[in-house]
Amino acid sequence: MKKRFIVFFLLCALLLSFSALAEGAGVIDGAGKLSSDESAELEGLLQDMLFSDEFQIVLVTVTGENIDDYVSYADDMYDFGGYIEDGMLFLIDVDERVWYVSTAGRGIYAFSDEVIDEVMDDVLYWLSEDDYYTAFRQFIESSQYRLSEYDSGSYTPDEDDYWGDDGDYEPGSSTGFYFIAPLFLMSLGLGLIVALIVTLTMRKKMRSVRPQRSAADYTVNGSLRVTESQDVFLYHTVTRTEKPKDNNSGSFGGGVHSGSSGSSHGGHGGRF
């Protein structure tokens, strides 16, 4: 009897933990762009990712909201929506043709601004075609793949991957840049010292040679007679400057910041 009670207690605790984990999960289709079957299928994909990766994605469509600040709107919706610490919210304003991704917890590092843009490369076409179901499905699949890259250590964010200027980027693990830079400088200095020693040694051996001021000093008298001369243009130099890639073209937000709840968030958005 005692063993049965323990098993029953453990099962209840497990179910309660699953319920707490799933709280607030799902699709919020305020604009009514998804059918009931499409919403149910997306919900299933989100739940699978929630339990397998312990990462929550929230998909939101709005219309007629007159949102002044998409960053705060998305951050607050995630913070006060009962979602778990690690996740992100994908917001679409159908009327204004605006998208925004707010990241939280582990999502801040797995989905830097650079990675969000790479994910959106697969999504923006479907948004422009008003195919919100395919856009959301593509967002989930691309995000799950990029999250696995971060969790496996294949991707570690760098400061350059964040485009904001808040200055509070603190990666969870070293990217190796701060270790490589001193090594590079030391190697460069050592190379310069060796090159200087070799140059001085070679110069020492050539003390018997003195440069002459005129080309005539290198010819035998009477052996060369110039009857005609002309200037011939042989080479030209073309300098090309690559047009800088504007990663923030048409976008807003970026970097890491604090929401109204005090929680840290990343993410950025744009238009479609």
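Two strands pair if DSSP finds at least two bridges between them. Strands here are DSSP runs of E, at least two residues, and helices are runs of H or I, at least four, numbered from the N terminus.

I am working on a predicted model, where local features need pLDDT of at least 70, side-chain atom pairs count only at pLDDT 80 or more, and totals for chains, interfaces and linings use all residues. Residues are numbered from 1 along each chain as its sequence is written, and side-chain values use heavy atoms, without hydrogens and water.

Entry 1, strand 4. I looked up its partners. Seven bridges join strand 4 to strand 3 (residues 87-93), antiparallel, and S102 has L89 opposite. In the hairpin of these two strands, four residues lie between them, and R97 there has a positive phi near 60 degrees. Strand 7 (residues 264-266) is joined by two bridges, also antiparallel; T103 is the bridge partner of G266. With strand 8 (residues 268-271) I found three antiparallel bridges, and W99 stands opposite G270.

I checked residues 98-104 of strand 4, and seven of seven are buried (under 20% relative accessible area, 1.4 Å probe, protein chains only). V98, Y100, S102 and A104 point one way, W99, V101 and T103 the other. In a regular strand, side chains alternate between the two faces of the sheet.

I looked at helix 2 (residues 36-53) and helix 7 (residues 132-151): their axes come within 10 Å and cross at roughly 10 degrees. Axes are lines fitted to C-alpha atoms over the stretch in contact, with angles from 0 to 180 degrees between N-to-C directions. The two are therefore roughly parallel (angles under 35 degrees).

Note on methods
Parallel < 35°, antiparallel > 145°, perpendicular 65-115°, else oblique. Buried < 20%, exposed > 50% of the residue type's maximum accessible area, 1.4 Å probe, protein only.
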